[in-house]
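Please keep the sequence and the model in view while reading.

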Amino acid sequence: MTDLQTEVLASARRAKKAAADLAQRPRGAKDAALHAMADALLARTAEIVAANARDTERARAGGSPAGYVDRLTLTEQRVAAIAEALRQLAALPDPVGETVRGTVLPNGIELRQVRVPLGVVGIIYEARPNVTVDAAGICLKSGNAALLRGSSSAKESNTVLVAVMRDALAAAGFPADAVQLVPGDSHEAVGHLMAARGLVDVLIPRGGAALIRSVVDNARVPVIETGTGNCHVYVDASADLDTALRILINAKTQRYSVCNAAESLLVHADVADAFLPAALAALAEKGVTVHGDKRVAGYSAAVVPATEEDFAAEYESLDLSAAVVDSLDAAIDHVNAYNTGHTDVIVTRDLNAARAFQLRVDAAAVGVNVSTRFTDGGEFGFGAEIGISTQKTHARGPMGLPELTSTKYLMVGDGQIRE
């Protein structure tokens, strides 16, 4: 066993001990700890922003794309928003101990299924240092210990953020090891984390397709798969075109580097002449490069010919694929062929079309006349989320507090035995 493996496993053992402590903590104590963490983040904002500035400067010097640098950046306002998310989390109901169902069996045994923490949750993620706080907070509220493995690009930011939270936890009477960074900077450390079956209860990867696939393919620990976001906006034949344009621009440009930003536009042929000239002009004004099929390209010389890769891409940049479709069925078929199961929306005034789209599109969130940007734990009222799950077991969509729990069955009898 290497020294690094020994360090990683020792960290996981400390997390397991901390998780056993957290599982017994009442809601009031956990909420007080969350407020203490929020207070500490605000009090040490200058320290956090200074560390983050070193990370972002290094990323720019290394030629990282603008979208990547944006995801990496923490400002005073973003730190304040992260702290506020912890306070919102504290205000939410505690799922631990909630009775999912209960009954009295014919033999008189009282049976209840109740929510319990998962235990030790490992989170592997890229770039976004806000995830460090979101993940720690949601794990704490749901009674779990967090083992955090961020990217090397955010090392200084994450080191300070975790130190701030650990200090706050200790001051609140909680085990500091409830929040830890995984030791080591190499991929070898990640491998040891993924192999720590029995110490780590679940892994949650957050990031690009390559990261998620690597964790899913190589982990020996159970994985909750979060997905990339090739999100679609479909403008139906009956759409209010002003509404459609407002939704499209918001979905694509309000913050283009996140997983719930729109990456693909579909327009029904019946409204293409009325919608696309205005839409392409508005997108160009916002700096968006449109990768379109031949029909879309006919409306503007600025349209770049689209490839199969474009229609399947999660750009996380000011790029957008676009196509004209001849029917609702064709739109649904296109979405299901290329989407990543994250979020897809239809803009329409036709109730039947809306129902068909929501019923038949295979995604964690399917919207009618809303921006894709609403698929978010905070926007859904869950508080800070740990990710957007695109799998179909246990948790799907924004993963809030209940999704960070499992269940156990409690039986109470008066001496019953099985015949």
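L89 counts as buried, because its relative accessibility is 0%; buried means under 20% relative accessible area, exposed over 50%, and partly exposed in between (1.4 Å probe, protein chains only). L89 is part of helix α5, which covers residues 76–91. Helices (H or I, at least four residues) and strands (E, at least two) are DSSP runs, numbered from the N terminus. Although L89 and G381 are 292 residues apart along the chain, a distance of 9.4 Å separates their C-alpha atoms.

The model is predicted: local features need pLDDT of at least 70, side-chain atom pairs count only at pLDDT 80 or more, and totals for chains, interfaces and linings use all residues. Residues are numbered from 1 along each chain as its sequence is written, and side-chain values use heavy atoms, with hydrogens and water left out.

Next come the domains. The chain is divided into domain 1 (3–225 + 394–412) and domain 2 (231–374), with bounds that come from an automatic or database domain assignment. Eight residues from domain 1 and nine residues from domain 2 take part in the contact, where contact means heavy atoms within 4.5 Å. The C-alpha centres of the two domains lie 34 Å apart. Between domain 1 and domain 2 an area of about 670 Å² is buried, and carbon and sulfur atoms give 36% of this area. Buried area here is the accessible area (1.4 Å probe) that two parts lose on being put together, summed over both. On the side of domain 1, the residues that lose the most area to domain 2 are R71, R128 and R396, together 57% of what that side buries.

What can bring two charged side chains together? Side chains of opposite charge can pair when their charged atoms come close. A salt bridge is counted when a side-chain nitrogen of Lys or Arg lies within 4 Å of a carboxyl oxygen of Asp or Glu. The whole structure holds 25 salt bridges by this search, and four salt bridges are found across the interface of domain 1 and domain 2. R255 and D70 also form a salt bridge through their side chains, at 3.4 Å from N to O.

Another pair is D31 with K141, whose side chains meet at 2.6 Å, N to O. Because D31 lies in helix α2 (residues 27–43) and K141 in helix α6 (residues 130–141), the pair ties together parts that are 110 residues apart in sequence. Both D31 and K141 are buried.

D55 is buried, at 0% relative accessibility, whereas R58 is partly exposed, at 40%. Both belong to a network of salt bridges that links R54, D55, R58 and E156.

Finally, the surface. V370, F374, F380 and F382 make a nonpolar patch of about 320 Å². Of these, F382 is found in the loop between β13 (365–368) and β14 (388–389), and F382 is partly exposed, with a relative accessible area of 31%. Patches are made of residues with over 30% relative accessible area and no salt bridge; like charges are joined within 9 Å, and nonpolar side chains (Val, Leu, Ile, Met, Phe, Trp, Tyr) within 5 Å. Accessible areas come from the Shrake-Rupley method with a 1.4 Å probe, and for residues only the protein chains shown count as cover.
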